[in-house]
Amino acid sequence: MQPPSVPDTVVEVRGLTKRYRGGQLAVDGLDLDVPRGSVFGFLGPNGSGKTTTIRMLLGLIEPSAGSARLLGESMPAAAREVLPRVGALIEGPALYGFLSGRDNLLRFDAADPTADPQTRAARVGEALERVGLTAAARRKARTYSLGMKQRLGLAAALLRPRDLLVLDEPTNGLDPQGMREIRSLVRELSDDGTTVFLSSHLLDEIEQVCTHAAVMSRGRLLAQGAVDELVAGARGRLVVTTADTGNAARVLREHGVTGLTVVGDRVTGELPAAEAPDPADLNAALVRSGVRVRAFGTEHGSLEDVFVALTGEGFDVAG
Ligand SMILES: Nc1ncnc2c1ncn2[C@@H]1O[C@H](COP(=O)(O)OP(=O)(O)OP(=O)(O)O)[C@@H](O)[C@H]1O
């Protein structure tokens with residue numbers, strides 16, 4: 001039997017809305033298009049509706065309005081056919097601490113009625129290998145670091161081939177090393193052709209690993225698209241290094257630069273969108289005013305700039 005084909009749009013969401021019983025509007029008219037083969041970052045501060053959206057995508061809760069298609073099929077109606085092709089890791093894996101990593105995976109595999117017991121050991125061995133836990137496979141899961149537990153959860157999601165992986169805040173609580181491990185695993189899975197949808201409140205993480213992103217705030221979508229296009233649309237920041245920060249800020253303000261901040265010997269600001277002055281003219285104006293400029297340049301826009309420009313607010317990671 002041919003494996004089912006993967007449509008060009010792996011996740012297609014239209015007008016998706018969730019109002020909880022208490023009246024809380026958690027997700028408000030969301031449209032999403034996740035292209036096949038992408039690593040799609042679902043970005044937003046805590047409480048912006050990411051988990052609620054993922055729950056609706058996976059058919060765990062009913063939307064109040066709108067529709068969600070996963071691998072071309074309507075959810076939650078097609079959950080039985082679609083979900084076996086989707087690996088998910090939400091809010092940390094459910095592991096037995098008293099079992100070894102390997103025994104945890106054997107249990108997960110045994111719980112899948114379609115998994116052939118004859119090939120179970122090989123499947124578990126491959127999944128452990130894939131996430132780099134072979135050497136630690138016989139240790140009890142409770143002795144694992146958070147990053148190792150998260151990788152074991154991913155191994156469980158990878159016991160069968162998946163067309164889509166949905167990861168809710170996969171690096172939450174991990175140290176930088178653990179984060180790097182998960183990021184490189186996500187890249188490998190993507191290189192093998194799996195579409196990955198991952199939520200995060202970490203802008204930097206999304207920029208590092210994702211090809212596409214959707215930016216959420218308070219239940220609403222602010223922007224989505226290829227990360228490089230989103231970032232290219234963000235205005236860069238002007239950065240001037242000088243001992244004479246006060247005068248530099250004044251001159252830049254007079255020339256239309258906004259959002260000026262001074263940290264140490266660095267003055268940064270935003271170039272006005274319309275009729276942006278040529279940075280070379282700004283530099284000349286600083287020099288004319290007697291400001292001794294040590295360094296002058298522009299920094300590329302980041303996803304944070306996109307977020308700030310769209311909301312007029314800082315990206316509050318603490319929620
Ligand atoms: N079961 C529920 N009943 C009522 N309100 C809820 C429920 N679950 C979430 N909410 C509310 O809905 C909003 C969105 O929450 P959600 O968990 O989807 O956001 P999130 O972006 O995933 O944030 P986090 O990263 O903190 O989980 C929040 O204001 C939250 O308090």
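Let's start in a loop: Leu71 sits between strand S4 (65-70) and strand S5. Helices and strands here are DSSP runs, H or I of at least four residues for helices and E of at least two for strands, numbered from the N terminus. This is a predicted model, where local features need pLDDT of at least 70, side-chain atom pairs count only at pLDDT 80 or more, and totals for chains, interfaces and linings use all residues. Residues are numbered from 1 along each chain as its sequence is written.

Back to Leu71. Its phi is positive, about 50°, although Leu71 is not a glycine. Most residues other than glycine have a negative phi, and most peptide bonds are trans. Leu71 is also buried, with 23 other C-beta atoms within 10 Å. The cut-offs: buried takes 20 or more other C-beta atoms within 10 Å, exposed means 12 or fewer, partly exposed is in between, and C-beta atoms are placed from the backbone.

Glu169 is another case. Its phi is near 45°, again positive in a residue other than glycine. Look for Glu169 in the loop between strand S7 (164-168) and helix H6 (176-191). Glu169 is buried, with 23 other C-beta atoms within 10 Å.

Which bond joins Met75 and Pro76? A cis peptide bond, with omega about 5°. Pro76 lies in the loop between S5 (73-75) and helix H2 (79-82).

Now the whole chain. It has 11 helices and 14 strands. Its C-alpha atoms fill a box of roughly 80 × 45 × 40 Å along the principal axes. Of the 319 residues, 39% are buried.

On to the helices. H3 (residues 101-110) and H4 (residues 120-130) pack at about 125°, axes 10 Å apart. Axes are lines fitted to C-alpha atoms, for helices over the stretch in contact, and angles run from 0 to 180 degrees between N-to-C directions. So H3 and H4 are oblique to each other. On that scale, under 35 degrees is roughly parallel, over 145 roughly antiparallel, 65 to 115 roughly perpendicular, and the rest oblique.

Who meets whom? From H3, Gly101, Arg102, Leu105, Leu106 and Asp109; from H4, Arg120, Arg123, Val124, Ala127 and Leu128. Contact means C-beta atoms, placed from the backbone, within 7 Å. The residues of this contact divide into five nonpolar, one polar and four charged. Nonpolar covers Ala, Val, Leu, Ile, Met, Phe, Trp, Tyr, Cys and Pro; charged covers Asp, Glu, Lys and Arg; the others, Gly among them, are polar.

Stay on H4. Val124, Ala127 and Leu128 are buried there. They cover an arc of only 100° around the axis, so they sit on the same side of H4. That arc is taken over the directions from the helix axis to the C-beta atoms. The face turned away from the buried side carries the exposed residues Ala122 and Glu129. The buried residues of H4 pack against H3 and helix H5 (146-157).

And H3 with H5? Their axes come within 10 Å and cross at roughly 30°. H3 and H5 are therefore roughly parallel. Gly101, Asn104, Leu105 and Phe108 of H3 make the contact with Leu152, Ala155 and Ala156 of H5. By class, that is five nonpolar, two polar and no charged residues.

Last stop, Ala155 in H5. Ala155 is buried, with 27 other C-beta atoms within 10 Å. Beyond neighbours within four places in sequence, its contacts include Leu105 in H3 and Ala127 and Leu128 in H4.

Definitions and conventions
Contact = placed C-beta atoms within 7 Å.
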